[in-house]
Amino acid sequence: MGLNATMIDWLWSNNKFLGIEWHFWKVIGWLGNAAFFARFMVQWFASEKRKRVVVPVSFWWLSLCGSFCLLTYALFYQKDSVFIFAYAFTWIPYIRNLMLQKRTALGSQTQCAFCSEASSANAKFCWNCGSALPARAEGRSELVGKEEA
Ligand SMILES: [Zn+2]
């Protein structure tokens, strides 16, 4: 019995891999855990890259996938009210944030004069530094044009 045998025993013994008895719901549950773990890594990496707190779109997608996996795990396998409640409503802000992010990406943007970060065109304040954004002149003339037509 060498170190190799001990390691193999730890990895795979009594039909258990890493000491876990694997079946369909265990895979779903661990996929949820993996998604939740990955989202923090993704968010941390994005923030370190820009040297400021950033929440990338992938964070919300991973959150949505993770909460979906863990909610199904809680509903169909764990069947525990505490566990079910913990993931029952978290998908609402995730989807809302994805909607807002898409709207910002699709719509025209206003650049902040102080931090040069882009905000949604209809935003009144910079999302990053909180400075007031200038009222958009083009938006107004567009509206006047529509009223005249
Ligand atoms: Zn700003």
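The model I am reading is predicted.

**Entry 1: Lys79**

I looked up Lys79 and found 10 other C-beta atoms within 10 Å, so Lys79 is exposed. Its place is the loop between α3 and α4 (81-88). I then checked the backbone: phi of Lys79 is near 50°, a positive value in a residue other than glycine. I noted this because most residues other than glycine have a negative phi.

**Entry 2: Ser116**

Where does Ser116 lie? I found Ser116 in the loop between β3 (109-111) and β4 (118-120). Phi of Ser116 is near 60°, again a positive value in a residue that is not glycine. Is Ser116 buried or exposed? I counted 10 C-beta neighbours inside 10 Å, so Ser116 is exposed.

**Entry 3: α3 and α5**

Next I turned to a pair of helices. For two packed helices, the description consists of the angle between their axes and the distance between the axes. I looked up helix α3 (residues 57-78) and helix α5 (residues 91-106): they pack at an angle of about 155°, and their axes are 9 Å apart. Angles over 145 degrees count as roughly antiparallel, so α3 and α5 are roughly antiparallel to each other. The crossing of α3 past α5 is left-handed.

Which residues make the contact? From α3 I listed Val57, Trp60, Ser63, Leu64, Ser67 and Phe68. From α5 I listed Trp91, Tyr94, Ile95, Asn97, Leu98 and Gln101. Sorted by type, the residues of this contact between α3 and α5 are eight nonpolar, four polar and no charged.

Definitions and conventions
Residues are numbered from 1 along each chain as its sequence is written. This is a predicted model: local features need pLDDT of at least 70, side-chain atom pairs count only at pLDDT 80 or more; totals for chains, interfaces and linings use all residues. Axes are lines fitted to C-alpha atoms, for helices over the stretch in contact, and angles run from 0 to 180 degrees between N-to-C directions. Helices (H or I, at least four residues) and strands (E, at least two) are DSSP runs, numbered from the N terminus. Angles under 35 degrees count as roughly parallel, over 145 as roughly antiparallel, 65 to 115 as roughly perpendicular and the rest as oblique. A crossing is left-handed if the near helix is turned anticlockwise from the far one by less than a right angle, and right-handed if clockwise. Two residues are in contact if their C-beta atoms, placed from the backbone, lie within 7 Å. Ala, Val, Leu, Ile, Met, Phe, Trp, Tyr, Cys and Pro count as nonpolar, Asp, Glu, Lys and Arg as charged, and the others, Gly among them, as polar. A residue is buried if 20 or more other C-beta atoms lie within 10 Å of its own, exposed if 12 or fewer, and partly exposed in between; C-beta atoms are placed from the backbone.
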